[in-house]
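Student: Could we go through this structure together, one question at a time?
Tutor: Gladly; here it is.

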Amino acid sequence: STEEQLLAAQNRIKELEAENEQLRMEKFGLHRFINDDFSIRYYTGFPSYKHLVDFYNAVAPHAANMLRYTQHQRILRTPGTQRRPKNHKLLLIDQLFLFLIKLRLGDQDKDLGDNFNVSQSLVSRNTLTWANFLYCLLGSQPLWPTRDQIRHHLPKSFRDNYPDVRVVIDCTELRVQSPSSLVLNSMLYSNYKSSTTFKCLIGVTPRGTISFISSLYSGSISDKAITKVSGFLGLLEPGDVVMADKGFLIQECLEEKGCTLVIPHFLANHGQFSKEENTENQKVTNARVHVERAIRRCKEFQFFDKPLPLNMAFT
């Protein structure tokens, strides 16, 4: 009868829905880890599935219309080329998930392609696309807090010893593949790391929150030079205090802005530190540990464990 046929069709639909859900759970994608926050932390660095989805929902409206790497290259080669919509083999949220795994674990493109059932070249293009997109989108967000915000969240250690410190700065370097060009190789070579590197300036609040990240510069640039060209000085206000390591000989630059530099004392020529100098150095070292911890958190992403490939570094 018609009723029996309808009931059988409904039961069949339920069976197919259950089978489809099972296949989705077996497929390697974000949906598979919807109830597994431990795996989300392992693969992406986000504390939970909810945090990751909230981030995705915030960027998805922009990501849906982003210019993909291959489209950008096509337009560069042939100006005036119309952008053509292209279907992607992965859902948008899985594209982000793939990029985060690449960044967090540093897996080879071939391994990621096998896991997501896509080609190796698609993994590479996806990485370049999302890296450029998130750099533009997140890089436009203001990180620099106001002086009142800094003072409101000032830790006791700073309030007792350095109440006017606005930012703690330091430089870090990322290894990059050695280029064949001798000129470029010389520019990128870092005497400190004894290899070719990119260098950037990072600043954190006394609370330990990252408040400034510069662009990447060649590894041969000095700490003083990168401070000048990175745009960091333009964020300071008269009366600000900047804490740094000994290598930052930027006192003159800060004085022009009406700011003060706090660094450890130099040993100079008197053989050893006085008791007061030693105590002061220890206070500065204990306070500076926040920026070192921030840098360490960034480098926990295993993508930076190996030298950056040149084809990605100069894209």
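Student: Is Asp 170 buried or exposed?
Tutor: This is a predicted model, in which local features need pLDDT of at least 70 and side-chain atom pairs count only at pLDDT 80 or more, while totals for chains, interfaces and linings use all residues. Residues are numbered from 1 along each chain as its sequence is written, and side-chain values use heavy atoms, leaving out hydrogens and water. Buried means under 20% relative accessible area, exposed over 50%, and partly exposed in between, with a 1.4 Å probe and protein chains only. Asp 170 has a relative accessible area of 14%, so the word for Asp 170 is buried.

Student: With which side chain does the side chain of Asp 170 make a polar contact?
Tutor: A polar contact is a pair of N or O atoms within 3.5 Å; within protein, one must be able to donate a hydrogen and the other to accept it, and residues adjacent in sequence count only if both atoms are side-chain atoms. For the side chain of Asp 170, such a contact is found at 3.0 Å, and the partner is the side chain of Arg 288.

Student: How many disulfides does a search of the whole structure find?
Tutor: A disulfide is a covalent bond between the sulfur atoms of two cysteines. The search counts a pair of cysteine sulfur atoms within 2.5 Å. Over the whole structure, the number of disulfides found is 0.

Student: Which cysteine has the sulfur nearest to that of Cys 171?
Tutor: Cys 171 is in no disulfide, and the nearest cysteine sulfur is 7.2 Å away, in Cys 200.

Student: How many aromatic pairs does the search find?
Tutor: Rings of Phe, Tyr and Trp (its six-membered ring) pair if their centres lie within 6.5 Å, and planes under 30 degrees apart count as stacked, over 60 as edge-to-face and the rest as tilted. By this rule, the number of aromatic pairs in the whole structure is 10.

Student: What kind of pair do Trp 130 and Phe 133 form?
Tutor: Both residues, Trp 130 and Phe 133, are buried. The ring centres of Trp 130 and Phe 133 are 5.5 Å apart and their planes are at 90 degrees, so the pair is edge-to-face.
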